[in-house]
Amino acid sequence: MSDHARVKGHTVTRTVHIEAPRARVWKALTDPEVMAQWFGDSVEFAALEPGATGSIDWDGYGTFPIEITEVAPEDSFGFRWSGIPADELNEYSTHVRFTLSEAGTGTDVTVVESGFDTLPGGTRYRRARLEQNREGWDVELDELAMLLEGVSE
């Protein structure tokens, strides 16, 4: 696995090494059924293409709408999402971008989440959201790695 997510300015970044082929990692990042095994309790989107919308649901937390912004097969995947439960994307959304690169016998996955600097609510609110998501990426990417590497808790 890797170190923890870090914050630089108003951006969260984390890279994790996964001992799995790039195609398998790509599927885990972009197939709603596989995504729901590591990211949320259910995931859906209309299509795997820029402009498609959908949602990620966490039991007990709510529904978080998404809009896909980038799809470059086995290279990068991006989406805007609401950082708080909502019916649609609004001014509280941030942007998430995953990039994949081959690394030895596995794949490095880097997530960059940006846009915290434009959130309404002032500096204290922005920093709190940024810190919550930084902690979230530590958990979520570890779950991705465990899923793809066949590690059980």
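Contact here means heavy atoms within 4.5 Å. The exercises below use a predicted model, in which local features need pLDDT of at least 70, side-chain atom pairs count only at pLDDT 80 or more, and totals for chains, interfaces and linings use all residues. Residues are numbered from 1 along each chain as its sequence is written, and side-chain values use heavy atoms, with hydrogens and water left out.

**Exercise 1. Place Ser-76 in the fold and list what surrounds it.**

Step 1: start with secondary structure. Helices (H or I, at least four residues) and strands (E, at least two) are DSSP runs, numbered from the N terminus. Ser-76 belongs to strand 6, residues 76-82.

Step 2: check accessibility. Buried means under 20% relative accessible area, exposed over 50%, and partly exposed in between, with a 1.4 Å probe and protein chains only. At a relative accessible area of 1%, Ser-76 is buried.

Step 3: collect the contacts. Once neighbours within four places in sequence are left aside, Ser-76 is in contact with Trp-26, Glu-70, Val-71, Arg-97, Phe-98 and Thr-99.

Step 4: look for a polar contact, which is a pair of N or O atoms within 3.5 Å; within protein, one must be able to donate a hydrogen and the other to accept it, and residues adjacent in sequence count only if both atoms are side-chain atoms. The side chains of Ser-76 and Glu-70 are joined by one of 2.6 Å.

**Exercise 2. Work out the strand order of the open sheet and find its edges.**

Step 1: apply the pairing rule. Two strands pair if DSSP finds at least two bridges between them.

Step 2: read off the ends. Strand 1 (6-8) and strand 3 each have a single partner strand, so one side of each is left without a neighbour in the sheet.

Step 3: Axes are lines fitted to C-alpha atoms, for helices over the stretch in contact, and angles run from 0 to 180 degrees between N-to-C directions. From one strand to the next, the twist averages 25°.

Step 4: Strand 3 pairs with strand 4 in the antiparallel sense over four bridges, and Val-43 stands opposite Ile-56 in strand 4.

Step 5: see what packs on the sheet. Helix 1 (residues 22-30) touches strands including strand 2 (11-18), strand 5 (62-72) and strand 8 (106-114), and its direction makes about 165° with that of strand 7. Helix 3 lies across strands that include strand 1, strand 4 and strand 6, running at about 10° to strand 2.

**Exercise 3. Describe the largest nonpolar core.**

Step 1: A nonpolar core is a set of buried Ala, Val, Leu, Ile, Met, Phe, Trp, Tyr and Cys residues joined through side-chain atoms within 4.5 Å.

Step 2: The largest core has 37 residues, of which Ile-18, Trp-38, Phe-39, Phe-79, Trp-81, Phe-98 and Trp-137 touch the most other members. Helix 3 (residues 122-149) supplies the largest share of this core, six residues.

Step 3: Beyond neighbours within four places in sequence, the contacts of Trp-38 include Ala-28, Leu-29, Phe-98, Leu-141 and Leu-144.

**Exercise 4. Classify two of the aromatic pairs.**

Step 1: Rings of Phe, Tyr and Trp (its six-membered ring) pair if their centres lie within 6.5 Å; planes under 30 degrees apart count as stacked, over 60 as edge-to-face and the rest as tilted.

Step 2: search. The whole structure holds 16 aromatic pairs.

Step 3: take Trp-58 and Trp-81. Their ring centres are 6.1 Å apart with planes at 55°, so this pair is tilted. Trp-58 sits in strand 4 (residues 53-58) and Trp-81 in strand 6, 23 residues apart. Trp-58 and Trp-81 are buried.

Step 4: take Phe-98 and Trp-137. Here the centres are 5.7 Å apart and the planes stand at 85°, so the pair is edge-to-face. Phe-98 is in strand 7 (residues 93-103) and Trp-137 in helix 3, so the pair ties together parts that are 39 residues apart in sequence. Phe-98 and Trp-137 are both buried.

Step 5: join the pieces. One aromatic cluster includes Trp-58, Trp-81, Phe-98 and Trp-137.

**Exercise 5. Is Glu-74 buried or partly exposed, and what is its phi?**

Step 1: locate it. Glu-74 is in the loop between strand 5 and strand 6.

Step 2: check the backbone. Glu-74 is not a glycine, yet its phi is positive, at about 60°.

Step 3: check accessibility. With a relative accessible area of 34%, Glu-74 is partly exposed.
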